[in-house]
Amino acid sequence: LILALAACGRFAEENEKPSEPKGSDGKVTVLLDAGHGFGDIGCKYDFLGGLSESDLTLTYVSLIKKELENLGYTVLLTHDGTSFPSVSELSSLAGENGVDFAPEKMKDNNVFDAYERTVYANVLAKDTEIDFMLSIHVNANADSDKCEGFEIDYCAENASSDVTKIIFSSVCDSLEKEFEGRKLKKFADSWDDSFIVTKYVSMPSVLLETGFASTESEAKLLTDALWQSRLASAVARGIKNYFES
């Protein structure tokens, strides 16, 4: 009888644990933003072998998406590299969903810029509760070919900054464990210094610069399939560690 009760106790305890991480609505939804694209290719250096920042951000987003989906998360994208809503379409979507935006900041051209992507992110959040947004970029320094490492930012002065700080720290910890010894500059930005995609969105948001295209050794890493996979796994683990803690 004692053994049976102990077994039942263990069974109940195991079944009380969630089978997968949960957001406040019962699931985890992550929005991934591939920086640049379309008429804005971002930075481009010969070191990248014909690739541009927009090519690489799409690659990284695709890999991170796969990692997160394997964890059971729902993953949304601000764009897939092939299409994006026009200014008129985005304005209509924002109006229909009660999303505030500044029309004068949106331009009707072949660029889905950072501000337009934040408006779209807020539109998406009206239909699906988005727990976290990650914007992926590639860094560059026109004045030096020696810069290296990751840079990661969040806005410390918006409504979601308390939660964002914890997710930010979790992603940083995971990157530091996977890439021991690699530089990682962390920025808790003021409102004025924050990136558009970290301060104007309605959900916790972090921007990650994956490396410097302007440095030859960094460019080799950025375009290496194994390194790309390691980075995607590390980022996904950081997100997972937050939602499962």
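In the predicted model, helix H2 contributes Leu56, Thr59, Tyr60, Leu63, Ile64, Glu67 and Leu68 to a contact with helix H8, where the partners are Trp227, Gln228, Ser229, Leu231, Ala232, Ser233, Val235, Ala236 and Ile239. By class, the residues of this contact comprise 11 nonpolar, 4 polar and 1 charged. Two packed helices are described by the angle between their axes and the distance between the axes. For H2 (residues 53-70) and H8 (residues 225-244), the packing angle is about 50 degrees and the axes are 9 Å apart. H2 is therefore oblique to H8, and the crossing of the two helices is right-handed.

Glutamine 228 belongs to helix H8 and is one of the residues of H8 that meet H2. With a relative accessibility of 9%, glutamine 228 counts as buried. When residues up to four places away in sequence are not counted, glutamine 228 touches Leu56, Thr59, Tyr60 and Leu63, together with Leu222 and Thr223. Glutamine 228 and asparagine 122 are separated by 106 residues in sequence, and their C-alpha atoms lie 29 Å apart.

Threonine 57 is located in helix H2. Its relative accessible area is 1%, so threonine 57 is buried. Apart from neighbours within four places in sequence, the contacts of threonine 57 are with Ala34, Gly35, Ile136, His137 and Val138.

Helix H8 also packs against helix H5 (residues 161-178), with axes that come within 8 Å and cross at roughly 140 degrees. This angle makes H5 oblique to H8, and H5 passes H8 in a right-handed crossing. On the H5 side, the contact is formed by Val163, Ile166, Ile167, Ser170, Val171, Ser174, Leu175 and Glu178. The residues of H8 that they meet are Arg230, Leu231, Ala234, Val235, Arg237, Gly238, Ile239, Asn241 and Tyr242. The contact of H5 with H8 divides into 10 nonpolar, 4 polar and 3 charged residues. Leu231, Val235 and Ile239 of H8 take part in the contact with H5, and Leu231, Val235 and Ile239 are also among the residues of H8 that meet H2.

A further helix pair is formed by H3 and H4, whose axes come within 10 Å and cross at roughly 35 degrees. The crossing of H3 past H4 is left-handed. In H3, the residues Val87, Leu90, Leu93 and Ala94 meet Glu116, Val119, Tyr120 and Val123 of H4. This contact has 7 nonpolar residues, no polar residues and 1 charged residue.

The loop between H3 (87-96) and H4 (114-127) contains aspartate 108. Aspartate 108 counts as exposed, at 71% relative accessibility. The C-alpha atoms of aspartate 108 and phenylalanine 47 are 32 Å apart, with a sequence separation of 61 residues. Aspartate 113 is likewise placed in the loop between H3 and H4. Aspartate 113, with a relative accessible area of 22%, is partly exposed. Between aspartate 113 and phenylalanine 38, the C-alpha to C-alpha distance is 9.4 Å, and the separation in sequence is 75 residues.

Phenylalanine 38 lies in the loop between strand E1 and helix H2. Although not a glycine, phenylalanine 38 has a positive phi of about 60 degrees. A relative accessible area of 23% places phenylalanine 38 in the partly exposed class. Histidine 36 is found in the loop that runs between E1 (29-34) and H2. The phi of histidine 36 is near 70 degrees, again a positive value in a residue other than glycine.

Across the protein chain, the mean pLDDT is 91, and 90% of the residues reach 70 or more. Over residues 1-21, by contrast, the pLDDT is below 50, and beyond near neighbours in sequence this stretch has 6 contacts in the model. Where pLDDT is low, the predicted coordinates should not be read in detail.

Key
Residues numbered from 1 in each chain as written. Predicted model: local features only at pLDDT ≥ 70, side-chain atom pairs only at ≥ 80, totals over all residues. Heavy atoms only, no water. Axes fitted to C-alpha atoms, helices over the stretch in contact; angles between N-to-C directions. Helix = DSSP H or I, 4+ residues; strand = E, 2+ residues; numbered from the N terminus. Parallel < 35°, antiparallel > 145°, perpendicular 65-115°, else oblique. Left-handed = near helix turned anticlockwise from the far one by under 90°. Contact = heavy atoms within 4.5 Å. Nonpolar A, V, L, I, M, F, W, Y, C, P; charged D, E, K, R; others polar. pLDDT = per-residue confidence, 0-100. Buried < 20%, exposed > 50% of the residue type's maximum accessible area, 1.4 Å probe, protein only.
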